[in-house]
Amino acid sequence: MKAVQEGSNEQVLLADVQDLLRKANIGALKNHNAINGREAAVKEAEASFELPQRFSEIDVEISALSSVGDGLGLSTSSDHVFVVPFTLPGDVVKAKVVTHFANDSYNLTDFVSVLKPSPQRNDSLVQCQYFAKCSGCQFQMLSYDEQLVHKKTIVERAYRNFSSLAPESIPVIGDTIGSPMQYGYRTKITPHFDGPPGSMSRRAKKHPEERQGFDYVPPIGFMVKGTRKTMDIEDCPIATDAVRDGLRKERKRIAEEISKYKRGATILLRETTTRTPLKQDPSAKDDTEAVTNVAHPP
């Protein structure tokens, strides 16, 4: 297994996994000292726990929210962690096991469904049809005030886990300053589409003139959470109206010109504002539009 890269999401996640396991072990020791038979119960749970098979579905109770945005749930033996996206502390969910990291005592999983919702979960807040599949957003089911609290804890953990500062030297982190807008605020998005089958093969890279074009319109959008697969995204409600309009126009244009492409492309959609001085034209209003940059077909 390759080493975890410094500063990567994997390193941040691993620190949170280790922290949860430490807390679980401390809690087990306290309970052992307070309750008769606890040691036997723990040993029984450890003996009965087996690492689930890949792609099997399991029930997980979420105990914590990681700094990378995924929920963390403990195994019955409290010595293994399941990482479940789109979940909150207090959720009981069904998850599909995808990847084992046995040496680091955790599994990556796919979210399947909520069996029992956390008191923090409010699915009526979700305004995107792609939420819980698209990798772009993680907390639409969480109130904005709670999101701000979590962002503060991310900074606190970063200092604690990675600053190498003594605890007494770590600065006090202030409250996160919220935005007046929770949707329709993003002025830039970068959807993409993948190339035709075989377009990234070794032979295709060596002989680009042999690449075959598209005979269909591929999905244009963002990655499915936890995969390298692109899902089709027709609209993105966190983007501004101008950017959303630009996305619709670009999707239409690419569909009409798809036969010209022999490989995938990333579309840069960015809002700019052009201002007309009032003294030149009293009736003029600020004009906002999406400026599009897209990789041109070879």
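Colleague: What is the accessible surface of the chain, and how much belongs to carbon and sulfur atoms?

Modeller: The accessible surface is about 18300 Å², with 50% of it belonging to carbon and sulfur atoms. Areas come from the Shrake-Rupley method with a 1.4 Å probe, and for residues only the protein chains shown count as cover. This is a predicted model, in which local features need pLDDT of at least 70, side-chain atom pairs count only at pLDDT 80 or more, and totals for chains, interfaces and linings use all residues. Residues are numbered from 1 along each chain as its sequence is written, and side-chain values use heavy atoms, with hydrogens and water left out.

Colleague: How many helices and strands does the chain have?

Modeller: The chain has five helices and eleven strands. Both are DSSP runs numbered from the N terminus: helices are H or I with at least four residues, strands are E with at least two.

Colleague: What share of the residues is buried?

Modeller: Buried residues make up 33% of the 298 in the chain. Buried means under 20% relative accessible area, exposed means over 50%, and partly exposed lies in between (1.4 Å probe, protein chains only).

Colleague: Why is the pair R157 and D16 called a salt bridge?

Modeller: The rule asks for a side-chain nitrogen of Lys or Arg within 4 Å of a carboxyl oxygen of Asp or Glu. In R157 and D16, the closest N and O atoms are 3.4 Å apart, so the pair qualifies. R157 lies in helix α3 (residues 144-162) and D16 in helix α1 (residues 9-34), so the bridge ties together parts 141 residues apart in sequence.

Colleague: What makes R157 and D16 buried or exposed?

Modeller: R157 has a relative accessible area of 17%, so R157 is buried. D16 has 7%, so D16 is buried too.

Colleague: Which partners does R121 have in salt bridges?

Modeller: One is D91, with the closest N and O atoms 2.8 Å apart. R121 lies in the loop between β5 (106-116) and α3, and D91 in the loop between β3 (81-84) and β4 (92-101), so this pair links parts 30 residues apart in sequence. Another is D123, with closest N and O atoms at 3.0 Å. Both distances meet the salt-bridge rule.

Colleague: What makes the contact between D91 and R121 a polar contact?

Modeller: Their side chains are joined at 2.8 Å. A polar contact is a pair of N or O atoms within 3.5 Å; within protein, one must be able to donate a hydrogen and the other to accept it, and residues adjacent in sequence count only if both atoms are side-chain atoms.

Colleague: Which residues does D91 touch?

Modeller: Leaving out residues up to four places away in sequence, D91 touches V60, E61, I62, V114, K116, P117, S118 and R121. Contact means heavy atoms within 4.5 Å.
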